[in-house]
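Please find below a short note on the structure under discussion.

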Amino acid sequence: MTETTEAITPHNDQTNQTVEIAGEPITVRAFRYGEGLELAALARPFLAAMRAMFSADDQEIQPESLDALIAEHADIWLQMVARSCDRDVAWLKELPDREAMRLQVEFWSVNGGFFTRRLIF
């Protein structure tokens with residue numbers, strides 16, 4: 001695993017993390033196995049693009065590259081983040097940017113292993 005992969009997937013292996021978002025406690029949870037199977041199918045284009053990004057000769061992934069990847073697959077990304085906190089996509093879309101980015105950080109923290117396992121296996 002590269003240093004960049006480790007940076008975006010901190011492997012907290014926490015099943016739940018509660019954070020205050022827009023004034024209310026939101027629990028972000030790790031995907032369960034069956035849920036992960038469904039989401040891996042949904043996220044196939046995102047995962048393929050992520051794998052290509054990490055397989056490129058230039059091993060240094062810039063934050064802008066990751067932001068672009070997420071933006072290119074926004075519908076998939078929003079569905080995964082919303083599912084991890086048991087909210088709907090409409091709620092997520094209406095969050096102020098700062099709050100949504102905080103939630104995204106928690107999502108990476110809790111579910112980073114989901115992506116790493118699919119990148120290396």
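Which residues of helix H2 (residues 33-42) are buried?

1. The model is a predicted one. In helix H2, the buried residues are Glu-35, Gly-36 and Leu-39. Viewed along the axis of H2, these buried residues fall within an arc of 100°, so they line one face of the helix.

2. The partners of that face can also be named. The buried residues of H2 pack against strand S2 (24-29), helix H5 (74-84) and helix H7 (97-120).

3. Strand S2 also takes part in strand pairing. Strand S1 (residues 16-21) and S2 run antiparallel and are joined by 6 bridges. The two strands form a hairpin, with 2 residues between them. Ile-21 stands opposite Glu-24 in S2. In the turn, Ala-22 has a positive phi of about 55°.

4. The largest pocket has a volume of about 300 Å³. Its lining comprises 14 residues, of which Trp-77, Leu-78, Ala-100, Met-101 and Gln-104 are the closest to the pocket centre. Helix H4 (63-72), H5, helix H6 (89-94) and H7 are the elements that each give two or more residues to this lining.

Terms used: Residues numbered from 1 in each chain as written. Predicted model: local features only at pLDDT ≥ 70, side-chain atom pairs only at ≥ 80, totals over all residues. Heavy atoms only, no water. Buried < 20%, exposed > 50% of the residue type's maximum accessible area, 1.4 Å probe, protein only. Helix = DSSP H or I, 4+ residues; strand = E, 2+ residues; numbered from the N terminus. Arc of directions from axis to C-beta. Contact = heavy atoms within 4.5 Å. 1 Å grid on protein atoms, 1.4 Å probe; cavity = no way out; pocket = protein on both sides within 12 Å on 5 of 7 lines; lining within 4 Å. Points joined across faces, edges and corners; volume = space filled by probe spheres on them. Pairing = 2+ DSSP bridges.
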